Each structure stands twice: as structure tokens, then as C-alpha cells.
Number of protein chains: 4
Amino acid sequence: MKKVKLVVIGAGSSYTPELIEGVIKNYEYLPVSDITLVDVDMGAEKMAIIFSLTQRMLAKANLPIQVVQTFDRKQALQDADFVITQLRVGGIDARIVDEMLPKSYGFIGQETNGAGGMFKALRTIPVIIDIANEMAEICPDAWLINFTNPASMVTEAVLKHSNNRRVIGLCNGPINMLHKVASLLDVEVDDLFIEFKGSNHMNFITKVLCDGRDRTREVIDIMNASDVDELGFKNVNNEQFNKELLWATHCIPSSYLKYYIKTNELLAEQDAAELTRGQMVKNIEAELFEKYRDESLQEKPKELEARGGSLYSTAALNVIRAIYLDDKSIQTVNVMNNGAITNLPNDVVVEVNCVMTSAGPIPLCTGDIPSPAKGIVAMMKDYETQVVTAAATGDYQKLIAAFVFNPLCPSDNNGIKLVKEMLVANKAYLPLFASSIEAID
Amino acid sequence: MKKVKLVVIGAGSSYTPELIEGVIKNYEYLPVSDITLVDVDMGAEKMAIIFSLTQRMLAKANLPIQVVQTFDRKQALQDADFVITQLRVGGIDARIVDEMLPKSYGFIGQETNGAGGMFKALRTIPVIIDIANEMAEICPDAWLINFTNPASMVTEAVLKHSNNRRVIGLCNGPINMLHKVASLLDVEVDDLFIEFKGSNHMNFITKVLCDGRDRTREVIDIMNASDVDELGFKNVNNEQFNKELLWATHCIPSSYLKYYIKTNELLAEQDAAELTRGQMVKNIEAELFEKYRDESLQEKPKELEARGGSLYSTAALNVIRAIYLDDKSIQTVNVMNNGAITNLPNDVVVEVNCVMTSAGPIPLCTGDIPSPAKGIVAMMKDYETQVVTAAATGDYQKLIAAFVFNPLCPSDNNGIKLVKEMLVANKAYLPLFASSIEAID
Amino acid sequence: MKKVKLVVIGAGSSYTPELIEGVIKNYEYLPVSDITLVDVDMGAEKMAIIFSLTQRMLAKANLPIQVVQTFDRKQALQDADFVITQLRVGGIDARIVDEMLPKSYGFIGQETNGAGGMFKALRTIPVIIDIANEMAEICPDAWLINFTNPASMVTEAVLKHSNNRRVIGLCNGPINMLHKVASLLDVEVDDLFIEFKGSNHMNFITKVLCDGRDRTREVIDIMNASDVDELGFKNVNNEQFNKELLWATHCIPSSYLKYYIKTNELLAEQDAAELTRGQMVKNIEAELFEKYRDESLQEKPKELEARGGSLYSTAALNVIRAIYLDDKSIQTVNVMNNGAITNLPNDVVVEVNCVMTSAGPIPLCTGDIPSPAKGIVAMMKDYETQVVTAAATGDYQKLIAAFVFNPLCPSDNNGIKLVKEMLVANKAYLPLFASSIEAID
Amino acid sequence: MKKVKLVVIGAGSSYTPELIEGVIKNYEYLPVSDITLVDVDMGAEKMAIIFSLTQRMLAKANLPIQVVQTFDRKQALQDADFVITQLRVGGIDARIVDEMLPKSYGFIGQETNGAGGMFKALRTIPVIIDIANEMAEICPDAWLINFTNPASMVTEAVLKHSNNRRVIGLCNGPINMLHKVASLLDVEVDDLFIEFKGSNHMNFITKVLCDGRDRTREVIDIMNASDVDELGFKNVNNEQFNKELLWATHCIPSSYLKYYIKTNELLAEQDAAELTRGQMVKNIEAELFEKYRDESLQEKPKELEARGGSLYSTAALNVIRAIYLDDKSIQTVNVMNNGAITNLPNDVVVEVNCVMTSAGPIPLCTGDIPSPAKGIVAMMKDYETQVVTAAATGDYQKLIAAFVFNPLCPSDNNGIKLVKEMLVANKAYLPLFASSIEAID
């Protein structure tokens, strides 16, 4: 079996130990020989801690995997087979700005939605495009597994604005929904086939098949019978979708849809919260890295689960193993639509089931996305494509036009003021917008 | 020249004298011989006033046009050439409910948008479908010129759910925008060719051509240089679109778009207003009918202009005359898309330029609707199609699913509560929803 | 494991022993408990022979499978899990007419192409629609596996004109191309992933992947280096596609495409042949049934291979087993396009790779079909859809319009004469065309 | 009124006097001040004759129009308003080769169809692209009115492969069909609205409206009642379309469709003909130029009609006048589809009704092109797009792939041989194919 080299960019992330655990668990099928951890100067301290923990984990597992850390990205990409991007441009502090500034205008302030998500895209996209272009040159057969949010926009940016087509956008949302549905129905994950339609964080389960039988309504009934959102994520609020709505639409939306159809509820929750999610994560991470530092720790600590990345490692390793083995398994990933959803444009990124091959993911045809999901997904894809272009080219006008039409912007005047303020606040990370920012300042 | 019979349904409307004025002005090209005024019992008193005023206007114009009034719609349709629907199911009081109930939830309360517009569609669509079906039987060659709002949904309902394809949805919005642009540029209306893309009340001027020269940017500059919304309508608010936005999008939206991108501003205005637009209109109408009653009045009184229906008559007569004369003139009307806007479905109603022929309007190809208009129009068409189906079939589940995803519904729970309350309040006009309403009550 | 009942309609076919052999080989994974053989009176003698041979084969295999024969189709469908249609309306003699009459006009006379294929569709479609409708009533969960040619038209007919959506069109063409490519490259079938685009018998291999590596050009080079058509079928001619053409198109067409791009060569071959393929098959079948009659025969005789149905049984059992096991394997079958080929209509049947589930096949997205395949496939799908409608409704005008525009009809006048002559010759099998035929006679 | 400068490229054409006659007739509405005649050296003698005749015609008409002749194309384009291309690369002799070589293989040999049409495209496209690019630089506001065949491919080439979008492809086919239908119905041309769908020389009348009434069937009945092809052109054969076919399709195809559905009949006629159409035209032209030379001739001679360009001048002047006057008249021209025919790609050139404006033609929406026209037009557009690309880039492989799949190529081997022979024969005119031709030679 051919040996495998993994490169982890943004290796100083608190998620890395989960990834390493996955590598260890999958070693039998995926003979990793090299792991190269990469980060930027700003992440040096964290990466050192992670590097050391990784060495201890691999030692305990007794596996012949070589691990190195480096700040030289191009060097790291030599001979790479899989490159995992989990970087966060600007770090957790930039996220907190993404949350606080919109909030100050009475807008939703959130990591991947509204103005916050848009600025995360603006900071991230040029960096990932650079990585993709470097890969096209240095390791053209390698696959870029992108975990950095907003996953759909980042993936679309690489596919449209880089020289590299070997990219897969990955989010742990679908796999979590799958596991939760399995638990609700008390069946094995492998007995389920769940049809996902939509875009990352704007996704809908439109069908739950169990041994060929449609059990969608049953899942909705169970969800409605409970008092908490059984498919929801910790980082969205705890209120449920309206029960009548789930029955009426006969589909199960991603929790993130709440930002759009429970906007008032989430604005109220945002106002009431003492800390933003980013501020909480900052505290959790500080504690986690304290744990990681502990020389006696030789495995992923339980506390990592509070961080929110449930099944992150499973999702990543499933995809990598499938490509490596050409195993034709079905994974839910972010790819060009290309006919998968017939009433969306072919050239936008969607999150759908794909057959995984060594030549990449092939989406399964799902037909039309049904109303009312159709309308909001069509709108959000139009928005995302504009932001992607703005991010890749530094187009200020496209940026404000896109944002004003985003459903989370309830005022053109304040929306544009907010965008300007955020441009200035993110100045260090937005070189393409330098002249626009200068004009504002 | 073949004589022409016009049937006006909802003839008790305060607008009717404007229509009659148009008939008189166009007599040379359009030899109307018969005008039949139709209304329901509830409108008897108003129709009588209008009937009498019409007789005086025609007498003064000295034209051999016979006018009759009747409550027997089927009788009226005999030998009709053009049927104009300007009815308002539930009258102005139903409109005030459409405004007040959403407002009580902190939602936009408006005649053609949000919950108000949706209930206007629910009340209107079954009635217009009935008229269209009667026409298909009694006067199959006649054209239905529908003025009743929401024009796009009503037209789509007839085209999809009746046996009649000879329907044109008409709104005075585009013709007013055309005249205002002509005035801003100080040119003749006939020298302009304005490209409209979108849907009724969700329309965009994407190009202003004057003698073949593109003067779009110039119009935007003039609008931005002024302090009032030069293309706006009295029934929307007076605040302008953000200037940077107009430059960035390089197109001019219908004023109604403000409900979507200036939602907070319009909610504030709504809160501050003493009277709703419907309440104001009720007062204006009362005064108007006082004037109309005056036996010495022989023409349309100037005060009608305050009512809001500017150029209503011009729009209607342009279309009727064009069909009658097969004159191939270009009018902006509501028709099936059918390729006119390439990135919208073919089977939704759009408001675009059409060549008018005796066999009906033929839309002009406009290509793609550009972002960001594309996103919001795609979303609204998806919403409208769902409401149309719900209205034509009494489908409660489709109705709530549609409304929760409408961008003017910021809360699924409150949105569904509001819909239920409005269903109950509109009980008398929604026979198809009888069992759903009973279940709510 | 749930027991499985198979129903074989047209069981008197000489192919049946191959199918039985497949059932025996797959018993471990697919526990068949009942096989019901069905045929019409005309096939009684053959079915009796097959029935007896089947009993001997099962006895030798020592498997607890019950086999019965019947002429009562509705009875047979009770509790069916899979219904395999391999019937031939009019028998081999009708096929010979399909070959001889076109030939007499100087047209291609062939089983699935041109006038011959069209009349096979006309005879077959109403019968299969009846079966599909009966299944929808009697065994609504069962799957119809249709082998009767022309597979694409028959499948489209069921999907558009019956009440049954649980149908899969199957042809042994793709699996044979797969096996031949494996043999050319000297690799295992399981190591290959072959992208098929197009329609049955008008299909193109557009990509050959082996362990994720594109080896398409290599296959073409090997084909071009040989003197015989390495991927061709016995029932098409032996001449190769032009070598320059294969290099230029960079894809490998189904042998049946020769009828369209080597028309003159095949017309010459047709003229030179002493016997038509149908006449040869008639002789082969007579000999085969002699063998089958032999009471000592307890397995499929080798001579069956000369009949042309290579891997027929493998294809059938792969599909049935996959559905039974919900095994998510990839099979190349005939299904509604539904986005699989992005530049063909969504509502035409195509032959593409599908993931097989218990809820049916899900096509894989393939993107656009490239030129020049695009043009001819688009044309043929338009033709087929017209023939399907004509066959299901008895529409004579649609029929002649379709055929005159078929590329194998080089003369409108002679084409229409030929269609009339064939209608008369097929009178017994075309009840829907009775009045048209009467008008011709 | 702004003065107008016309540039005629390929001015040595025998059609030019017809064009001049049109200019004279339209002077009232279209104040032409300058006509510049342009040709290449090879056409010097003919251009001189035309130049002199033009001077005499203008003198007789007593109009203040200046006419000059030149070989300097760039000079000619200075200040141009309209550029008319009616050039013939290789002259009439190249056409005769286009006819004779295919004939020698038993293929259709014709000016705009099959191999002949393809080579005309190959010779012409690079020249017209050059002209279009020069115009974009020298006279960017001018319109290119292209008459050179194959009109559809040439227009698509300019729109896709030049820097100039101000091009209109024009053919006298539609206007002749319009006039002939008017004559059959005995009505005025202005009373008719004819819906054309398809591509140049592959066009279909799908509806004949007269004062809003559908009279399509009546036209077909009249055609079928006569013994000659009432809508046919002299340069196609005289046999009628099959009568049953016209009734069945309920549309009227362009005569050129006969090459595809009466192939055998036209091959027979081709075999029987002593002279090709090109050879006849060569003789006609020689006689015409004898007439033109006659110093006493001061107008277009009647004999020009035998040449085949009936209404050529009317078509050209209608378009030029409409653009000049921004008159919004409806003309049938070749433009990007852009939604006009909903079931063809948006980015192929179609021949449809357009509203003419100073900013160019705007196609009218026609909806789907119906079967069976849909299939053949889809196929031919795919073919044409490939030839356009091959012509613009010199791609030999695309060329042979395209031609083998053309329905007029009945043999891949002979088709490729023919293409090679024609490449060599056209060597002087195909600089982009120089290396491919060398490899063949």
C-alpha cells in the first residue's frame, strides 16, 4: 500500500488532536507515514503544544508516523497527498469582532452568517486560493480538504478563482445530522441513507431512507415530540423550529436556518447573552491548551467535545480514506452543483451526497430542491457567489451590493455603515481592499 | 373598424373615472361602443355614483358609447372584447386589516407585501380565476386586463389554474418609472427604451437607453443628487435608497424593494404613522365620492391624483389599444417568463417589456437578471408560486411554509400565529380555507 | 433474510437459462425462493422446455427454489419482488419483418434502430405499460427490470405513461464494454470506473478511470492498434470506427453508433448479407431449444453465447442483488436523466452510472455530454420521446413526423411509405393504430 | 438628421447594384451621404464595373451621395456607420470546389450545407473576425451587417471569437418566406406576423398570424394543394416536402431542410445535373457583368433576379433603417439565442424575430422549438458551434469530429478522406490549418 503524507494547515487549532486521533484509528486502512503541521508565526506557541501532544499520542499508539512542524508552507507541501486547511485568519479575536460589530447595529453577529460570515470569507478566501495555487504547482495530485468556514464560499472560491480543482469542502454538520437521526430512530448509521439538498449551513434533509423505506415523517414527529432541538447544534440557539413548519415543509433544515426564520428570537438571545460564542470559545480554548500542555496527556481530552467540533475527525478521515481507497462510499461534501440540484445553477457549490473516488467526489442527482427551501437557497447562493468574487478580486461595490440584499441586513444605510466599519477593523487581513479601506478611513 | 365592448369589474372603484377619461381620449384609435360596469352588492352605492358620473363624462365628450351597470357578471361578459378587473375583495376594510394585524406583531403591514399582500392574494385569486373561467366559456376571444394586486400572483394564478390564457397583468408602476426617468433626463417618453427585469413590485430598471445611448448611470446620478426619491411612489416611504447602493448595483429598483432592504426604516415609519395607508385611502375615497356625486362634475376631478393611481388609465388604454390595433408597440406587463429572463424559471410570471399583438403580448429577451437582484427575485418568485398554489387550492400547509420563508417574516412562531389570526379575520372571503379556519377557531 | 420472488415475463426466451444460472450463482446473497415463468400462448411450447430445464438446473444446484409456469400474468405478479420483462411481441418473425421491409427501401433494417427499432417500440410499449400498471396495483413495492428493447424508449414509456415509477431499463451493452475495457487494459473489472454518457445504444464512454487515473486515451490507442473493433458487438458489423475519429473525439461510442456514422458501410453490408440477423437468430434459437430439450442437460449450454446476450445474467443479477441488499454499488442503467447529463432535458431517459439503493437507482452527475456526442444524442432523445408518445397514444402524425427526421430516414416520401407498409404488416400487434391502419389499407 | 456612411466589403459582388437600388429607394428615411466600396485585388475588375454602375445609378437618382472604391479596408472603415459584408473568400471557383468534391464521394455538395458549407465557413470566418476586430478599433459604434454565408456560423464566430458585439447576421430567406406567405394568403406583408424558430437555413415557420388570427394550417393546405414548392428557393430543388409531413408537423420548414429529409432525392438530382449551382451562377454572373459594363445602364437590370438574391436589398435596408431610426420594427435576423428559444442553449446563434433598436436587435421570446424540429436544430447547432471553434482556432480534430457527426456525412472513413482532400484544395485560404494540411500533403 502506498504511504500517505498529510499536511495540516492551521495546525495550532484546538481541533488538531481530534484529527490525530482519527489518523490513529484509521491507520489500518490509511497508512499515514508523515504528518506535517503548518501554522503562521502568530500560532507558533499553540502549534508547539499541539506538536508535542501529537508526538505523545503517536508514541502511545505505537505507529511509525513521522510528525514535523514548520512555518514554511511551500516546503510542507512537497509530496503531500492530502492537505487539510483548518486555519482561522485573524484568530479567535477576529471572530469576536465579527460577532460584536454587527451586534452593535442590532444585526445578527455570527461566525458564518450575516456580516460576520462575510468578513470571515473575505479574510480566508485569498489565503486558501494561495494555498490551492501552490498545491497546483508543488503537489498537483494532492487533495485539498478544506474545513475552514464558510465552507461553501471558500470551496467555490478555490474552484472558480484558483488553478486547482482538487478541493473538497467539508463540514461536520451533515455527519452530525446523520448520527442524530440514527439515534432518534434507534438504527445504525449504516442503515440510513439521508438525502441532503442545499448549501453548507443552509442545508435541508429532504428524505430519510432506512433500508429503502421513507421514514422522514417519523423523524419529524420524534423531533416535534421532544422539547429540545434534537438535530440542533450547540453553537446555534436551543429553540426548536416551529412544529407546524416542520410538518408543513416535510423536511429538516440545518440549525443555521434559524438565523433566517427565527431572526427575532436569535436577536433577542444575542442581546441577552453575556458572552458571544467567540468569547466563550476563547475561554474553552485557553483551558484546552492548558490540558494539552500536560506532558502526561497522551490522547484527545474529553473536554474537546465542548468546543463544538463533534465528529470533525470522523468526517475528515472518512473522506480521506475514501479517496485513498477509491472506495465509492457516499459522503456529504461541498462540491460544484453540476446538475446535482436541478433548479440551482450548475456552477455554484452545494452540499450534497457524493460517491467518493480516487479521482474525486461525484455528486448524486437529487432533482429539484423543493419549495420553500428552493427560494432561500437560490437567494443565498446568489449572495455567496457575489461575496466570493468580491473576496477574490477586492471589489468593494460588489461587496456592499451583496450584503444589502442579504436577508440578515434589515437596513441598507446601516448595512453599508457596518461593512465600512468592519473593513477598517479587518484592515490587516484584507490587502485586496486596501484602497477601499483607505478611502473610508 | 370593429366596435369594442369593455367590461369593468369592480366598477365602483374610485379609479373608474380615470379609466373613462382614457376611453374618451383614445376614442379616435379605439372605437369603444359599449362599457359595462359590474360590481357586487356591497359596491352598489359606489357603482351607482360612478355610473352616473360616467354618463355625464360621455355626454360631455359627445361620444356614441353606451354605458350600463349590472350585478350579473355572466350577462356582462357576453360579447366582451376586454374585461378589466379592478375589484378589491373585502373592500378597503379588508386592506386595513391586512395592515393592522401584521403591525400588531411588529411585522410590515402592507397592501401587496408580507402578510398583507399574501392575504390580498388569497382573497382575490379564487374570484379572478372564476372570472377567467367564465370568460373562457362566454367570451373566449376577449382579453382579461387585470389591475387587481398583487398583480404578479393574480396573473400567475390565472395562467396556471384557470382555463384561460388570454390574461395580462398590469400595474402602473413601470409606466410611472418611465415617465419619471423621462422627466429626470428631460427627454420625451418616446425617446426612451427602458429595460425592466423582475417581478411586479420587485422590479429593476437595468438599462435606460435614449436614442440607443446608455444613460443609466446618468439617471442614478440625478437621483442621488436629489434629496427625495425621484422614482418613488407616494404609497411607499419617502426615504431614498442608499446612494452608494444605487451606484454599486447600477440599476434602479422599484420603490417597493424598500420593504426588503430598508425594513427597519419602514417598520419605524409604520410605528410612527397615525394612520395606515388604507385608512388614509378610505378618507380620500370618501371625499372623492363626495365630488363624484356632484351632478355638475363632468370630468375626472383633480383630487383623484392623490389616490395614487397615476397613469393608471394611460397604462390600461395603451395595452387595450395595442391589442386592438395589433400595433406591435412595447409595453411593460406581467406575463409568463418563457425565456425573457434566462436565469429564472420559464413558468413564473415576470414584469417585462413585451411586443403587443392581437394575439397577445410577446416578451422581449432580456438575458440574465444580474446579481444582487437575481437572488431576491428568485426567492420572491418561489414564494409567490407557493402562495398562488395555496390560494387556488386552499392548502394551509403550503401557506404557512411559504410565509415563514418570506423575508418579511422574522419569526416562524409569530409568523404562523399571525397567519392564523388573519385566516380567521378573513373567514368570509376564504371559502377554500374553511376547514383550516374552523380547526384554528 | 427476506425471501425473494422473481417473475420472468417472456420466459420462453432462449436467454432464460442464463438468468437461472445467475440466480443459482447469486443464491448466497440473494435468497430467491420462488421463480414464476410467464409467457403468452404463442410461447407455450418454448416455455415448457425452459420450465423443465430450469427444474433440472435447480435440482442439480440443490437449492430450495420453487419454480412454476403460468399464462396468468396477474396471478404471477402476486407477492412479486422483481419482475423481469424479456418478452418479444410478435416473436422473432416480427423482428425479421423489422429488418426486411426497411431493407427493401434501401434503409437500414435493424432491431433497435431506424424503422425496425421504431416498430419494436410500438409493439412493445403498450404491453409493458400494461404490466407496469398491473404491478402498481398487485405488487406496488416490486421492481420492474426491463430487458426488452429498445430499452430507453420502453423505460421512458413506463416512467411517463404508466402509474409505476419502480422501473429500471437494463441492457447488457455497458457491462460488456466494461469487461472488454478491463480485458484490453488487463485489469480487474472492479479496478475500473467508466463514465458512460448518452442513451441506450447511443452511449459513449467519456472517461476510463483505473484507480483514479485517466486511461481513456490508452484504451483508444489499443483499440486503434488492433484490426477488429475490440468493443464491438456481434450483432453490429465488424468494421471499426475510424481511428482518427476516436482520437479526435477522445471517447468510445457504442457499436450501435455505426448505424449513424458508417451508414453507407452498413447499408452495403446489409445488401451483401444472405440472412438478416433475425434470420440467423431464428436458426440459432431452433438449435438452442433442441439442446434445452435434452433431458440430460442440467446447465446453460455453451452455445447460448452465440446468441448475443453476453453477460445478460450478470447485469440482471447485479441490479437485483443491489436493490435487495441496498448495497450502494454502481450500475449502468436506464433512468430519468434528472440532472445526470446537464445539457440534456431532465425528463428523458438516459443510460448512466447509478448508485443502487433499495429505493431505486440514483444517477451520478456527469456534467455536460461533450460535442459531437451532444448533438446526436439530443436529436435521438427528441426522436425517442416522440415515438414513445406515439406508441402510448396511437398518434400516427407524431409517428411519421418523428421518423422522417430520424437520421436513418434519407427520404420523406419513402420514409412515410415504409411506415405505412410496416403499420399494415404489424396490424395484429398495434391495436392503438387500428383506425390509422384501416385508413391506409 | 445625422448623415450615414455605408461600407460594402466584397463590393465586386453582382448583388451590389441591388443594394444600391435599396439605398436610393430608402433615401428619404436613411440619408446616406457616403458609400465606400471595398474588395480585394482579385475582385478589382468587378469592383471597377460596379463602381461605375453605382455612379450612374446615383446620378440618375440625383442624390448627393458620394461613392468611392478602395482596396484599403482600414481606411474604408473610418467613420463608418454600417459595414455590409458580402464577400466570398476564394470566389465562385471555391464554391464550385465545395460542390464538386463532396459530389465525387457521393455526398451532398452544396454552398451552405454539408462539407461545402463547412469549408465556406472555414474560409470566411477568420476574414470576418478580422473585419469585426478592426471595426471595434476604428469605428466602434458601427454595425456589421453580415450577408456572407453560412450566416449563422459567421455571426456566431464574430460574437464568440472577436472583440465586437455589434454584428447582425442577415439572410434573405425569412423575408422571402414572409412575402410568399403573404402572396399565398393574398394579404399585405404588414398584416402578417410570422413566428420563425431555428437557425439560418434550418429554420421553421411555426406560426402564421394574420391580424391576430392563426392561419398556419391554411398556408400548409395551400402549399399542399399546389404542385410546386410555394415557399421554396431556386437554389434548392423543386420537389415539395411530403404533404402528410407538413400536416403532421404543422409547421413550414426552410427549403434547405430538404438536404436532410430528402437526401436521397437531392443526391439523385445532384447526380443528374449537368452543372452545379455554382457553375450556373458563374455563367449568370458573367452575363450580368456584361450588362453592368454597359454605360447606358443606369439601374439594376432585371436579369439580376435569376441570380437568387431576391429581396436581398429589402432585407438589408430594413435592418439598417431600423437601427438608424431606432424604429422598433420587427425583423428576422441572426442573433445570440439568449432565451429566445427556450430549449436551445442560450449561447448559440439563432434566426428569430427581433425588435430593432439603435442599440441592436432584441430577440422576441418564442418558447420551446417543438419536435421534430427541436432534434435536428439542436444537432445542427452543436455541429455549427464545433465548426465555428475549429474555424477560429484551426483545430483539425474538432473539424473532423464535427463533420463525421453531420447528418450529411454517411461514412466516417470517406467523410474524413473528403475533409482532407478539401483542406488541401483550400490551402490558400486556410492559413490556420497550414500545419494540418502539410501533414496531409
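Contact here means heavy atoms within 4.5 Å. By this rule, 40 residues of chain A are in contact with 40 residues of chain B. The model is a predicted one, in which local features need pLDDT of at least 70, side-chain atom pairs count only at pLDDT 80 or more, and totals for chains, interfaces and linings use all residues. Residues are numbered from 1 along each chain as its sequence is written, chains are lettered from A and ligands numbered from 1 in the order in which they are written, and side-chain values use heavy atoms, with hydrogens and water left out.

Symmetry comes next. Two copies of a chain are related by a rotation about an axis and a shift along it. Copies were superposed by least squares on the C-alpha atoms of residues with pLDDT of at least 70 in both. The same surface serves both copies, since 100% of the contact residues of chain A recur in chain B. Chain A can also be laid on chain C, by a turn of 180° and a shift of 0.0 Å along the axis, with an RMSD of 0.0 Å. The two copies are therefore related as by a two-fold rotation axis. Here too the same surface serves both, and 100% of the contact residues of chain A recur in chain C.

Other pairs of chains stay apart. Chain B and chain C do not touch, and their nearest C-alpha atoms are 14 Å apart. No contact joins chain A and chain D, with the closest C-alpha atoms 14 Å apart.

The interface of chain A and chain B was then examined. Buried area is the accessible area (1.4 Å probe) that two parts lose on being put together, summed over both. Chain A and chain B bury about 3400 Å², of which carbon and sulfur atoms give 56%. Four salt bridges are counted between chain A and chain B; each is a side-chain nitrogen of Lys or Arg within 4 Å of a carboxyl oxygen of Asp or Glu. B:Lys262 forms a salt bridge with A:Asp412, where the closest N and O atoms are 2.8 Å apart. Polar contacts are pairs of N or O atoms within 3.5 Å; within protein, one must be able to donate a hydrogen and the other to accept it, and residues adjacent in sequence count only if both atoms are side-chain atoms. Between chain A and chain B, 22 residue pairs are in polar contact (both at pLDDT 80 or more). Helices are DSSP runs (H or I, at least four residues), numbered from the N terminus. On the side of chain A that touches chain B, α14(A) gives the most, with seven residues.

Chain A itself divides into domains. The bounds come from an automatic or database domain assignment. This assignment gives domain 1 (4-170 + 280-319) and domain 2 (380-440) of chain A. Their C-alpha centres lie 26 Å apart. In contact are 27 residues of domain 1 of chain A and 30 residues of domain 2 of chain A. These two domains bury about 2500 Å² between them, 78% of it on carbon and sulfur atoms. One salt bridge is found across this interface. A:Lys381 forms a salt bridge with A:Glu156, the closest N and O atoms being 3.9 Å apart.

Conventions. Helices (H or I, at least four residues) and strands (E, at least two) are DSSP runs, numbered from the N terminus.
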